Each structure stands twice: as C-alpha cells, then as structure tokens.
Amino acid sequence: MALLRHTTGTVTERQALTVNPAKTCQPIGAMYAALGVHNCLPHSHGSQGCCSYHRSALTRHYKEPVMAATSSFTEGSSVFGGQSNLLAAIENIFTLYAPDVIAVHTTCLSETIGDDIPQIAAKAREEGKVPAGKYVIHANTPSYVGSHVTGFANMTKSLVTYFSDWSENRLRTVNIIPGWVEPADMREIKRLAALMGVEIILFPDTSDVLDAPQTGTHEFYPRGGVTIQALRRTGASQATIALGPTASAPAARELEKKCGVDSHILELPIGLRATDAFVDTLRRTAGVEVPAALVEERGRLMDVITDMHQYFYGKRVALWGDPDQLVSLAGFLADLDMKPVYAVTGTPGRAFEERMAKVLAGRVPEAKIRQGPQADMFLMHQWIKEQGVDLLIGNTYGKYIARDENIPFVRHGFPILDRVGHSYFPTTGYMGGIRLLEKILGALQDQQDRNCPEEAVELVM
Ligand code: SF4
C-alpha cells in the first residue's frame, strides 16, 4: 500500500522495469487447460516451488483443491537435466494416481536446461512406464515469454496435436474452444448451444471440475472435463468456433491444419454484440434457428441497458487483465456509452491494440491502450493519477488503486483472490451481460449513495 501511495502522477517511459505486471506465469494457464480434460493430472516439469505457486494461484481463485504433480527438481536436475525425475514421476503417477492422461508443462528452469519432453515421454513408453491406453502429452510454457493466457493456448493446442483424429466422415458436432473463462462461462456456453439444439464438443471444459459441488466425498478426478473420446472426434466436426483469439486461435488453426476442420475465430461472447456474433456463427455453422427463448434473453439484456442508460453514460473506465477479456469488455462498455479510457495487458501477441481500436471504432478517441512488459499496474495507476476514472474493472490486483483513489471497483478476470461468485455466475452470453451490468451498476450506485450530499440521497434509483 505504501508503495502505491508513492506512485507518481507523471509518466516516465520505462525500458526494462516492470512494476506489478498485468499477467502471471505460463504454466498456470497450462494447468488450467489440463484440468479441463477428464481424468487428467497436470504435471509441472520443474522445481516444487513453481508447482506450489501455480496450484495455489488456481486454488485461491477457484476456491477448490487443484491437483498437480511436479518433477521436483533439485540442484542435480538443474545441472544434468530433469529426464530421470520425469521418468520416475511418470511411473509413480500412473501407479499411484491412475490418470488417463499426464499433461506435462515446462517451467523457466526446465526450458533453460532444454529438456526434450517428447523424447523423455517416448523413453518412458519404451521402458513400459506408460500403461496401455494412457497418454503423456506436453506443452512448452517458459514464463520468461508469454503469460498465463499463452500457457492456456499452448496446452489447448496440444490437446489437438495429441488427440484430434482426421476423418473422412464428418459428424454433426461443432467444436467450441471457450478461451480462458470461468467454469460457469463454460457451462453457459454449453447451455446456449443446447438451447439452440447444437451438439458441441467443448474443450477444455473446467465446469464440474473447478466448481464441483460439495458431496461429502473427495473426488481426486471430478466428474467434469472433456473426455479423450470426445477430443478424438474433434477432427471430424463440422467446424470449430474459437472464442478469444489469444487463448483459442492456436488450437483452432492447428485443428484446421491437421484435420481440415474450418475455424471461426471470434471475440469472447461478453456483452451484446459479441454474444450476437457467437450466436449467429453457431446458427449458421450448425444450420439451426435461434429459439424464441434466446431472443427473449437478449431482450432482457436490452431492457436493462435502456432502463439504466443514464447511469452508464459518459463514465470513464480503466481496465486491465487478459486481452480476450479486455477487447470484449471494452466493446460492451462503449456500446453502453461508457468510456473505456485506459486498458493494459502484460500478455503479448495477437494484435491487441488493433483489436481494441476495432471494437471501440473511434468512439473513445482519448483511449490509452498498452500491451507488453511495461503495460503494468504501475502505469495504470499513473494514468489514473493524471486523469481520474469513475470505475475500475479488472482482477484483484487493482484493489490497492481502488482504495488509494476511492474508485468503485468491479472484479473481473483472473485472478480474483478476495471475493467469491466469479466461478459460479457467468459473464458470457446475454444473461452474463445482465450479471455484468448488475455488478457495474451496483458499484457505481453504491459510490453515489456513499458520496452524495445528504439532501441528494435517492431512495429510488
Ligand atoms: S516465473 Fe518461472 S520460475 Fe518463477 S514461478 Fe513462474 S514458471 Fe516458475
């Protein structure tokens, strides 16, 4: 807190220093994607410290136990490589924990050493350490490049590389890659597809894994997650809809290249327009009609937007977090006549600034959008000190700015360490849009109630 009180209001361009980055480690995303496969145990090929940190980051956000194994590197492995540790780990994991899949991701250390995971996995199979019908897959996820989002993208792409089968016989199914969203969003995407009568294969799928109900019995592998059989069939689907270019496009493109499955790469269906684009693409791809029930959900969202427009109009908003989330959020806010004036992400790649410019379509000419190592929370705070905002939207790391500057704060994205609800209530789809509006309005109106003069307190708002 003291650190933030010393944040200067004058922005000095920095070349090398990052202060409070707007991203985290690649392996966290690889772990999250692997947890969306049924009977899969994520495995961190590196030191115990990395694995503990990555598991705890997921546990703190989802408030659920997160199972993962580690190669437990010692000084010896750091010098001579981690092959013997991984061979022993593969044998022990299949013997003790009996997963169908071990999803290995690397860390900074094993990448720097240069361990060749496919070679080690092949050796494990040759030595009989991988039982028949079981799999070891991998993704390279050094944290000195990329972020948790690219880690998710890399592991999701690996699901295609390892499992999708080419087929002459096309099925009626449509693949949907949901991007890094909450388990509740994955459930909502499945509900929308079911409402439209479309048979989908959603992968990865963390619903019923990281939001599993309390039954009184601990399930080491919860009932959710996409199955290996379903992953195999993704190569025979009609098409793939990839939600979020940063998190989902690499897997969709790989599926197109490997199995000839057409891909449609969309922004995350957060807000009215992005949800319209998703529903319309699903409708056209599957050749179905949009049911009346879904049209009514859309109408309810429209109703809240029009009823409460006076509270949204002209409000300046600062956003930080993951690019796919930020692009859709910024577009939604601009559609509400709000002004997303600042946005930062530490996740590299995929033309973030151009995508933001496209969704804003010139409606917020004063917007400052930044991506990369110096697009951090320190810069965000400096911008806010230069010219304030009415609302903050982002992960928990914004709470210090919210407190220091007394600005209403809506938690959204990853990680949320200090509130619950995010994993249970979707923000995707039309109903998710209403949930977002409710949170935004609640934050703005609570602030108005707190700060307005006594004679201006409104009972009915
Ligand atoms: S930055 Fe690298 S070494 Fe540090 S926790 Fe992340 S993966 Fe491990």
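An angle between two helices here runs from 0 to 180 degrees between their N-to-C directions, with each axis being a line fitted to C-alpha atoms over the stretch in contact. With that in hand, let's walk through this predicted model.

**Two pairs of helices**

Two packed helices are described by the angle between their axes and the distance between the axes. Here are two such pairs:

| Helix | Partner helix | Angle between axes | Distance between axes |
|---|---|---|---|
| α12 (residues 272-286) | α15 (residues 323-335) | about 120° | 7 Å |
| α8 (residues 148-163) | α11 (residues 245-259) | about 20° | 7 Å |

Start with α12 and α15, whose axes make an angle of about 120°. The pair is therefore oblique. On the α12 side, the contact is formed by L272, R273 and A274, and these meet S328, G331, F332 and D335 of α15. Sorted by type, the residues of this contact are three nonpolar, two polar and two charged.

Now turn to α8 and α11. Angles under 35 degrees count as roughly parallel, and this pair packs at about 20°. The two helices are therefore roughly parallel to each other. The crossing of α8 past α11 is right-handed. From α8, the residues in the contact are V149, F152, A153, T156, K157, L159, V160 and T161, while α11 brings T246, A247, S248, P250, A251, E254, L255 and K258. Nine residues of this contact are nonpolar, four are polar and three are charged.

**The sheet and the helices across it**

Strands of a sheet pair through backbone hydrogen bonds, either parallel or antiparallel. Which kind of pairing does the four-stranded sheet have? The pairing is parallel, and the sheet is open, with its strands in the order β2-β1-β3-β4. The edge positions belong to β2 (69-70) and β4 (135-139); each has a single partner strand, so one side of each has no neighbour in the sheet.

H43 has A69 in β2 as its bridge partner.

Helix α2 (residues 26-35) lies across β1, β3 (101-106) and β4, and runs at about 165° to β1.

**Around the ligand**

Finally, which residues surround the ligand? They are C25, P27, C50, Y53, T107, C108 and S143. This shell is made up of five nonpolar residues and two polar ones, with no charged residue.

How values were computed. Residues numbered from 1 in each chain as written. Predicted model: local features only at pLDDT ≥ 70, side-chain atom pairs only at ≥ 80, totals over all residues. Near = placed C-beta within 6 Å. Nonpolar A, V, L, I, M, F, W, Y, C, P; charged D, E, K, R; others polar. Parallel < 35°, antiparallel > 145°, perpendicular 65-115°, else oblique. Left-handed = near helix turned anticlockwise from the far one by under 90°. Contact = placed C-beta atoms within 7 Å. Pairing = 2+ DSSP bridges.
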